[in-house]
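Welcome! Take your time with each one before reading the solution.

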Amino acid sequence: MSLTEFTREDFKVIESEWQSLHALAQGRCRTEEELRIVEKAFDFANHAHQNVRRRSGAPYMLHPIAVAKIVVDDIGLGYKSICAALLHDVVEDTNYTVDDIRTHFGDKIASLVDGLTKIKTVLDNEDRKNRGQFYMESLQAENFKRILLTLNDDARVVLIKMADRLHNCRTIEYMPEHKRDKILSETMFIFIPLAHRLGLYSIKSELENIWLKYKEPEDYAEICRKVSQNVAERDSVIDEFIAPIQEALTQIGCKFEIKKRIKTPYSIWYKMKTKKVLFEEVYDLYAVRIIYDTDYSDSDEERKMAYIIYATLTKLYNDQPARFRDWIKQPKSNGYEALHCTLMSRAGIWIEAQIRSRRMDDIAEKGIAAHWAYKNDGYITENDAEMEKLLAMVQEVLGSKDINSLELLDIIHGDLIASDIVVFTPKGEQRTIKYGSTVIDFAYNIHTHIGNTAIAAKINMKLVPLSQVLRSGDQVEIITARTAQPKVEWLQFVKTRHAKAVIIEYFRSRFDEFARKGKGIFEERLAALNFESSVQTLKKFMEYSQLNDIDELYFRIGLGLIGPEDFKNVLTEPALHTTDNGDDVRYVLATCCNPIPGDSVVGIKSENNVVTVHKKTCEKGESLAAKFGNRVVVPQWVLQQKDFPVRISFRGIDRVGILNEISYFISRTMGVNMRRLQLGTDEGIFEGYIELLVKDKSTLNDMINGLKKIDGLQDVIRTDM
């Protein structure tokens, strides 16, 4: 921020943006008095931030106005939240205090502002000393802990914080690159999953697109170009698809609105990466959203209309049964309700149709804020407990004495991104549990005593072991024995945090025994890998495990929570490559993502001036940057290594000689060495991959473009090794 006298133009811009917000606030405030308080909050904040500018040079006041707009327009909160958004930086950036806010605006708005006030200094030096030599400072982790703690006081704080993050991301181009990488990484690690869990779809989508735009600018630009070209070519096809639907729904007396939707650049990119497909193979690029009006107080009537519309569509077009999704009968964990079906248009392209009532659409776009709005209007949905579930999860994690801030960050991230399945008790009671959970997870989900005394189970009347993975719709009966006790080996297959925590806690009564055992294992494994036990080695393990206590490290090794693979991950480092500019910084190429020159990369600096270079979209790199923003650097490296490993995957139509053509092009035409080749054929279709050594991304792209020209090769893409 900078301090410069405002010009007449600055005041005009502020006034214009304020009038835009004022119009939105008028539609949200229920009384003239509420609107008057919003106006007062604007005047207060505008005076406090006068002559202060952001990095972009724009008046600072434009930021709180923009945050308030998101709060009212994208999330749908009321006047107190609008005021808090306008005032959210006053306490941090000016001489005003929370007590000043309380005097002028009352306890609730002051409480919201207090919750939103950012943390400048999390821990003082003395506190760090008390935590011991292995304490790892992470301001982000402590900051997120504070954010999550505010959930217990008022969930609106988190929603306003989400609006603040969105606007900061909208203006992130003015940040230096290392700061940008830090902000975007923590956005992907925590804020985007949190937006998903809270049902804030429009905010989640915008944050994802901004993330992609700056993390992989070339991919983002190429996808946007192809989408624009595709839309221009097929817009009339979508209109022709919609016309019969409009006529048919009008004939049955349905009141509705139809919107056209194109898959977002991020969702296209993510599908291409995870499914290993080309842009042209993303067949659900288009969707139409049918939003119908009905009496929301009659939930049966609301649901019935959705199925009537679905039946009407399938009379007009053939559908793809495998792509049908019923999230009305069984809503998503974040409260999302809709019917999805994929229909074949008369032009020969698949188009997804999303069927929602007006209430369902509001909830899909504005999440829990819309839940509250309908509840206040007297219409209670079946998903009002979702916020309570999130609060309960956060409270349980925050209440654990054994979890430090870094562990908490990983746990919250894991819980936010987890998918749920529905299973049933023997009496038909429905239970929601994390995807991938086992029988023992389910046992602890019912009750701690049931988990502790479980010996086996029946799934759909068939006897299974406790390690059996559950599927959605399973009916599960836990078999217990009065004398049974938890077993250490359960920790090898348990999936849910709650079950793992209960089992670990059970064995804490034997802490010394397992710590001694773990210390012995630690020393044996070090010796087997030709390493000596030293303070530096211990420090590596403490950092890897995100622990502050050596005995706790030994305890977890003794329980098998830190196994042989973890030892290899900690102790086996890739070769170091030094720069040629004379400094003492050493660079490590991350083996999790294998970056090559030309990739968008980020550096994570550790002790001893070692910088690990990750692709900007690498999950592990994102996690580290989210936790240790002060370690994020922009790599300035010229590597001595001349060739870098990559993998190219391909698929095509088999014919005589095609493998020779592929090999000839790579080795002779491109002059590149192949390290490994795997190829399989099935009924005339072949697919496989080649691992190569290339000099840079430009060489790789030339190779991919050349391979695409070989007759019979359909898909040629770079994939992770």
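**Exercise 1.** Decide whether Asn-460 counts as buried, partly exposed or exposed.

*Solution.* Keep in mind that this is a predicted model. Start with the number: Asn-460 has a relative accessibility of 43%. Next, recall the limits: buried is under 20% and exposed is over 50%. Asn-460 therefore counts as partly exposed. To place it, look at the loop between strand 10 (454-459) and strand 11 (462-464), where Asn-460 lies. Finally, check the backbone: phi of Asn-460 is near 50°, a positive value in a residue other than glycine.

**Exercise 2.** Find out which side chain of opposite charge is nearest to Lys-615, and whether Lys-615 has a salt bridge or none.

*Solution.* First locate Lys-615 in strand 16 (residues 610-615). Lys-615 is buried, and the nearest side chain of opposite charge belongs to Asp-720, 4.1 Å away. A salt bridge needs a distance within 4 Å. Lys-615 has no salt bridge. To see its surroundings, list some residues that Lys-615 touches, including Cys-593, Pro-595, Asp-599, Val-601, Arg-718 and Asp-720.

**Exercise 3.** Describe the nonpolar cores of the protein chain.

*Solution.* Start with the largest nonpolar core, which has 103 residues. Those that touch the most other members are Val-38, Ile-82, Leu-86, Leu-87, Ile-101, Ile-309 and Leu-313. Helix 13 (residues 217-251) gives the most to this core, with nine residues. Zoom in on Val-38: among the residues that it touches are Trp-18, Cys-29, Tyr-79, Ile-82 and Leu-86. Then turn to a second, separate core of 43 residues, which includes Ile-421, Leu-466, Phe-514 and Ile-562. As background, nonpolar side chains in soluble globular proteins tend to be buried together.

**Exercise 4.** Which residues make a nonpolar surface patch of about 220 Å²?

*Solution.* The patch is made by Leu-659, Leu-677 and Leu-679. Pick out Leu-677, which lies in strand 19 (residues 673-682). With a relative accessible area of 39%, Leu-677 is partly exposed.

Technical notes. Residues numbered from 1 in each chain as written. Predicted model: local features only at pLDDT ≥ 70, side-chain atom pairs only at ≥ 80, totals over all residues. Heavy atoms only, no water. Helix = DSSP H or I, 4+ residues; strand = E, 2+ residues; numbered from the N terminus. Buried < 20%, exposed > 50% of the residue type's maximum accessible area, 1.4 Å probe, protein only. Lys, Arg positive; Asp, Glu negative; His and termini not counted. Contact = heavy atoms within 4.5 Å. Core = buried A, V, L, I, M, F, W, Y, C linked by side-chain atoms within 4.5 Å. Patch = residues over 30% accessible without salt bridge, like charges linked within 9 Å, V, L, I, M, F, W, Y side chains within 5 Å. Areas by Shrake-Rupley, 256 points an atom, 1.4 Å probe, with all protein chains shown as cover. Lists of a residue's contacts leave out its neighbours within four places in sequence.
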